[in-house]
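Please look through the structure below slowly, with the sequence beside it. The paragraphs that follow visit a pocket and then a pair of helices.

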Amino acid sequence: MSDLNDLPRSDDVTDPTTCAWPAREIAAAEAPVTAGTDRYMRAAAHAVARAALRELRQGPNAPGSAAAPARPAPNPLSVTSPMGAAATPVSPQSPATPMGGAGDGTGAHAGPGWISGAPVLLLVGGGHNGADTLLAGGLLSHSGCAVSAVLVTEHPHPVALEEARSHGVTVYGAGYRNADGTDRDSVEAMAAVEAFLVHGGLVLDGLTGIGATGPLRPDVAALIAPLIAAGEPGYRPLRVIAVDLPSGTGVDDGTVSGPVLAADRTVTFTCLKGCQCLPPARHLCGVVEVVPLGLPVPTSRPLARRPVDGALGDYLTRAVPEPGPDDHKYTRGVVGLWAGSESYPGAAVLTASGAVRAGAGMVRLAAPRRVEDLVLAARPEVVPTAGHAQALVLGPGIDPADTTRADEVRTVLRSTLAPSDGGRQSPTRVPTVVDAGALSILAELLTEGLSCTPLHVLTPHAGEAAALLTALEDKKTPAETAHGWSRDRVEAHPGLAAREICRLTGATVLLKGATTLIAAQQRPVVSVDGGPGWMATAGSGDVLAGVLGAVLAGAAARWEQGTASAASGPVLDALVDSVVAGVRLHALAGAYAAAIPQGAGGMGAGGHPVAALDIAAALGPARLELNWLQAVPHH
């Protein structure tokens with residue numbers, strides 16, 4: 001589950017604890033305030049030290065020790081969340097000692113005996129992150145830890161270095177030159193790393209900061225290679241805290257162009273960074289803790305945002321609220337499905353189940369008789385005829401090679417599109433989920449002078465995204481500027497891919513993955529955890545398509561009862577929020593189905609295999625979870 005989503009935060013789209021801005025804008029906003037003072041550097045160091053103590057109190061990792069116990073049955077009347085209590089944010093203004101009790105979020109005062117002799121290895125580069133790491137190491141050494149620092153710069157922060165030494169930190173150098181001119185070469189630095197690995201412990205990664213670009217230097221990459229070889233988070237005899245960000249990740253775009261030491265926790269300052277929202281770097285950050293140091297943030301539009309679950313509960317309640325005394329099946333939202341074919345009939349069962357379980361008032365199905373029979377056997381409440389709908393879902397289980405079925409979907413999809421030249425055709429103003437087989441049909445239609453509207457929600461996975469980009473760039477992009485998209489390229493640059501599909505089509509784009517990205521016109525990319533790895537199973541995406549249909553139909557029903565135009569900015573914001581809530585609802589249902597507790601997502605999360613229908617069946621408990629999180633104050 002999402003670490004950040006455990007924190008009670010504001011759902012404002014410019015909340016710095018849920019939004020990321022470009023590194024250069026962050027630096028420019030901070031510079032006038034931080035000049036001539038080390039106040040913020042010391043506050044950052046205390047925050048890192050507190051996080052380090054929380055990790056050390058958990059005890060040493062043993063391979064496989066992160067496997068989580070089975071989830072207890074949720075009790076909606078309990079005073080605690082069925083998925084665990086929300087974490088308490090840390091304030092940088094807590095007492096100066098890192099043993100500060102309530103300030104470290106543990107609620108108990110701990111003495112040095114808790115961590116006496118615990119091995120801590122500092123990886124220190126130049127700049128502020130290296131200084132933060134040295135100062136944090138000094139605090140940990142003062143508290144009883146056995147702290148060693150490996151410097152990979154000839155210019156460490158002099159005050160931070162001297163303070164770390166004065167507190168008992170042992171300093172080694174790889175590329176560091178002593179004041180007397182003698183070298184501390186990479187041999188002793190590597191020896192320090194190897195000595196640390198004998199017993200394991202905690203690593204603080206302060207090698208690079210937000211000003212760095214590109215992969216780590218070869219000598220630095222060689223230094224961390226043994227640590228990387230020790231295993232994945234949760235399966236290695238050490239824990240890693242990244243200071244501000246995992247070194248070697250693309251700060252703004254989340255790219256990974258070289259070796260990176262994956263973190264169990266990232267302590268970042270003031271606001272999120274792009275790498276903490278965008279994969280593949282997102283998956284190397286572990287738990288992300290945003291520490292508000294009191295520094296200003298940029299006033300521009302964020303490049304990405306990552307809503308908390310409490311806010312997503314708000315979004316879901318607005319889209320699919322609890323029915324009132326005047327509600328009926330039509331006011332709750334009607335979903336129209338064009339799903340399933342002779343080749344893939346089961347997809348319609350899964351999509352219909354997702355829509356029904358997510359709260360649709362009615363689900364209509366247009367499909368061949370064989371598909372209808374299968375759906376009605378599983379979901380007798382589905383109406384097997386087309387008709388008025390407040391949201392459409394097109395494509396699950398549609399085989400483009402089945403020309404009769406593909407032509408039916410093509411006709412419906414065409415009616416929803418707008419002319420690229422602003423002609424007279426009036427598109428259907430209905431939110432439309434375009435999934436699976438309908439994506440290739442859409443690519444054909446977009447080459448015929450038609451375009452999507454923001455009410456179209458495209459749901460490709462990486463392979464489908466690559467095919468769609470290739471088809472559209474062939475027609476709309478000069479050869480010399482074409483990206484040459486492939487599945488691998490999409491997976492390496494998913495944020496770019498999602499924005500590019502949005503630009504080329506005019507649609508809202510949901511790029512599926514372990515971290516799902518939602519891109520809409522002139523809005524930050526939204527990052528949402530897509531659920532545990534057990535959800536990578538056939539039919540999971542069909543269930544998601546049904547869930548999206550239900551939340552969009554519910555939102556559209558609210559629009560029909562109000563005065564907002566479906567083309568207005570607020571409605572597009574509501575559409576994006578509804579899509580994001582649907583993705584998270586689907587992810588939580590997958591976690592419930594796999595019996596994975598909150599906070600245990602990712603490597604070593606445990607759980608068990610699930611089938612797609614299990615995910616659909618768990619949508620009810622997942623909705624209760626989001627309702628509970630919405631009830632917890634997050635402003």
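**A pocket and a helix pair**

The helix α1 gives five residues, the largest share, to the lining of the second largest pocket. This is a predicted model, in which local features need pLDDT of at least 70 and side-chain atom pairs count only at pLDDT 80 or more, while totals for chains, interfaces and linings use all residues. Residues are numbered from 1 along each chain as its sequence is written, and side-chain values use heavy atoms, with hydrogens and water left out.

The space in this second largest pocket comes to about 620 Å³. Among the 27 residues that line the pocket, those closest to its centre are Glu30, His128, Asn129, Asp132 and Ile210. Two or more lining residues are given by each of α1 (23-34), α2 (39-57) and α3 (127-142). Sorted by class, the lining holds twelve nonpolar, ten polar and five charged residues, where Ala, Val, Leu, Ile, Met, Phe, Trp, Tyr, Cys and Pro count as nonpolar, Asp, Glu, Lys and Arg as charged, and the others, Gly among them, as polar.

Turn now to helix α8 (residues 346-357) and helix α9 (residues 369-378), whose axes come within 8 Å and cross at roughly 40 degrees. That angle makes α8 oblique to α9, because angles under 35 degrees count as roughly parallel, over 145 as roughly antiparallel, 65 to 115 as roughly perpendicular and the rest as oblique. The contact (heavy atoms within 4.5 Å) is made by Ala348, Val349 and Ala352 of α8 together with Val371, Leu374, Val375 and Ala378 of α9. Seven of these contact residues are nonpolar, with no polar and no charged ones.

Notes:
Axes are lines fitted to C-alpha atoms, for helices over the stretch in contact, and angles run from 0 to 180 degrees between N-to-C directions. Helices (H or I, at least four residues) and strands (E, at least two) are DSSP runs, numbered from the N terminus. On a 1 Å grid over the protein atoms alone, a cavity is a set of points where a 1.4 Å probe fits but cannot get out, and a pocket is an open set with protein on both sides within 12 Å along at least five of seven lines; lining residues have an atom within 4 Å of a point. Grid points are joined across faces, edges and corners, and a volume is the space filled by probe spheres set on the points.
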